[in-house]
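Subject: Structure handover

Hello,

Here is the structure I said I would pass on. Please open it beside this email; my notes follow below.

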Amino acid sequence: MSRRLLTVFVLILTLALPSALRAETDGAPAAKKSAPKKKTTRAKGSPARKNVARPGRKAVRATPPPPVADKEPQKPAEVAELRHWSTPDYTRIAVTLDREVTFEKHEIAKSPGSAVLSRIYFDINGARLASGVKDIPIGDGLLKTARVAQYRPDTVRVVLDVENIRDYKIFTFSDPFRIIVDVKGERPTEISALSPTLKAAVPPVETVGRELLPVVPKEPVVEPPREQPAPRPKVRTAVKPGKIRRIVVDPGHGGKDPGAVGPLGMQEKDVVLAMGLSLAKKLRDELGIDVVMTRSTDVFIELQERTAIANQVGADLFVSIHANASLNRNASGIETYYLNLAKTEKAAQLAARENGTSLEKVSLLQAVLFDLMANYKLNDSAHLAEEVQKLLHKRLAAHYPTVKNLGVKQGPFYVLVGATMPSILVETAFISNEKEETRLGDPQYQDQVAEGILEGISAYIAALK
Ligand SMILES: [Zn+2]
């Protein structure tokens, strides 16, 4: 029976029942008929629309089919963490739950009829607040605080007290379910002003199973300085360092997330870390560019945090490094992605794998992707992807003549959503292909990949006016 038919059936049955009996069968907590109706404001074209429960529909849909006597009401979802990352013109808030929920977003204007917001809040239905999840003072000029409370026995309310913002987006990621709010401010990021505050060495902390979250320190997470202050032997003259001062290198996966695993047992997280470290060293030593790594050890970093780090440190480019996998063990080659709708089933499947979610969730993301790409540097990202793919392939082909150039592609990768700088994801070989898996483990191949990406970045920078 379709959901609609079932709904109609339940509705008829409910109406037909004598009121005394109805009172008994309506025992399920979600079946509240008198849920207070609030004016729900939605941002224009906001993807949050998908998640806004419509009061009338919700009440009916939530009514379980009779009989309900021996049915346990569903355990509430747990709000497991509330985090934030902030810069002078961008703040990301992430609320992580242990399963998918619906929520209602609301806005409160500074004064009646005003477009200026004083508060954004959302009510998460059927949810309980985990102990240890606390309010966060933000005070970054955009938001004052993020507050969280058990508003009703089955509702958690998250309130963002607004200082001064230009725009914001609310969207969700799956597996685990996350509600993310990206807030944009008025002030431009001044990288030069940010530089002196960058200090060494707050290595990313392991986030597995963490319940009580420390407030993210104001200082961005920055790679510790290399052993020796790097001599810069061969700074390439074609590069105009003024344009690109800081690059975030993001080795995929890590910690509890091994990424793809090859037939010989090689783990993606290990080889991409080796290549990422090598690329970072080359960027510093040869181009004199400041590099921030999202991880420089075997730790788990959530995808929404990686993008947030890039925005937080005012990165000029973001490069995520991965190894590909396919059920077809013969699949091989290199490809470079930027954020956009997947044009092929293969690209969508890859995005699902890299996002740690299902193909179905990827299509849900695709449906709202355009709205999330408002600040994405689409053309610059495509250009960066072209240069990196071209020069990476050229370099590898010189040493490994059979290496396939799979070209530049597009896909809805979580790690690129919300990035405000040109950003790409490089698939450096197929770890699922035994021959390429062996290559990936070879320090020489790793070095050639890092060199090829470096050359691509150099070409991109050289082309900037
Ligand atoms: Zn990956």
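Two strands count as paired if DSSP finds at least two bridges between them. Helices (H or I, at least four residues) and strands (E, at least two) are DSSP runs, numbered from the N terminus. In general, the strands of a sheet pair through backbone hydrogen bonds, either parallel or antiparallel.

Before the details, two points about the source. The model is predicted, and local features need pLDDT of at least 70, side-chain atom pairs count only at pLDDT 80 or more, while totals for chains, interfaces and linings use all residues. Residues are numbered from 1 along each chain as its sequence is written.

Overall picture

The chain has 11 helices and 16 strands. Of its 465 residues, 43% count as buried. A residue is buried if 20 or more other C-beta atoms lie within 10 Å of its own, exposed if 12 or fewer, and partly exposed in between, with C-beta atoms placed from the backbone. Two residues are in contact if their C-beta atoms, placed from the backbone, lie within 7 Å. Among contacts between residues at least 6 apart in sequence, 74% join residues at least 24 apart.

Confidence is given as pLDDT, the predictor's confidence in each residue, from 0 to 100. The chain has a mean pLDDT of 81, and 72% of its residues reach 70 or more. Over residues 5–69 the pLDDT stays under 50, and the model has 66 contacts beyond four places in sequence for this stretch. Residues 189–239 also have pLDDT below 50, with 76 contacts in the model beyond near neighbours in sequence.

The mixed sheet

Six strands form an open sheet with mixed pairing, in the order E12-E11-E13-E16-E14-E15. Strand E12 (290–293) and strand E15 (405–411) are its edges, each pairing on one side only. From one strand to the next, the twist averages 25 degrees. Angles run from 0 to 180 degrees between N-to-C directions, and axes are lines fitted to C-alpha atoms, for helices over the stretch in contact.

How many residues of strand E16 are buried? Eight of the eight residues in E16 (residues 423–430) are buried, so this strand is largely enclosed by the rest of the structure. E16 pairs with strand E13 (residues 317–324) in the parallel sense over six bridges. In that part of the sheet, Val-319 stands opposite Ile-424, and Asn-324 stands opposite Phe-430. Strand E14 (residues 334–339) runs antiparallel to E16 and is joined to it by three bridges. Tyr-337 has Leu-425 of E16 as its bridge partner.

Two helices lie across this sheet. Helix H5 (residues 268–287) lies across strand E11 (246–251), E12, E13 and E16, at about 145 degrees to E13. Helix H9 (residues 378–399) lies across E13, E14, E15 and E16, at about 170 degrees to E14.

The antiparallel sheet

Another open sheet has five strands in the order E3-E4-E8-E7-E6, with antiparallel pairing. Its edge strands, E3 (103–109) and E6 (136–137), each pair on one side only. Strand E7 (residues 143–152) and strand E8 (residues 155–162) run antiparallel and are joined by eight bridges. Arg-152 stands opposite Thr-155 of E8.

The expected span of a helix is 1.5 Å times one less than its number of residues. Helix H8 (residues 359–372) has 14 residues and should span 20 Å; its end C-alpha atoms are 19 Å apart, which agrees. H8 bends by about 40 degrees at Gln-366. That bend is the angle between axes fitted to the seven residues ending there and the seven starting there. The buried residues of H8 include Lys-361, Val-362 and Leu-365. Their cover includes strand E9 (167–173) and helix H7 (345–355).

Helix H11 (residues 443–462) has 20 residues and should span 28 Å; its end C-alpha atoms are 28 Å apart, which agrees. In H11, 14 of the 20 residues are buried, so this helix is largely enclosed by the rest of the structure.

Arg-439 is found in helix H10 (residues 434–440). Is Arg-439 buried or exposed? Arg-439 is buried, because 24 other C-beta atoms lie within 10 Å. Leaving out residues up to four places away in sequence, Arg-439 touches Tyr-400, Ala-429 and Tyr-445. Arg-439 and Tyr-400 are 39 residues apart in sequence and 9.7 Å apart in space, C-alpha to C-alpha.

Regards
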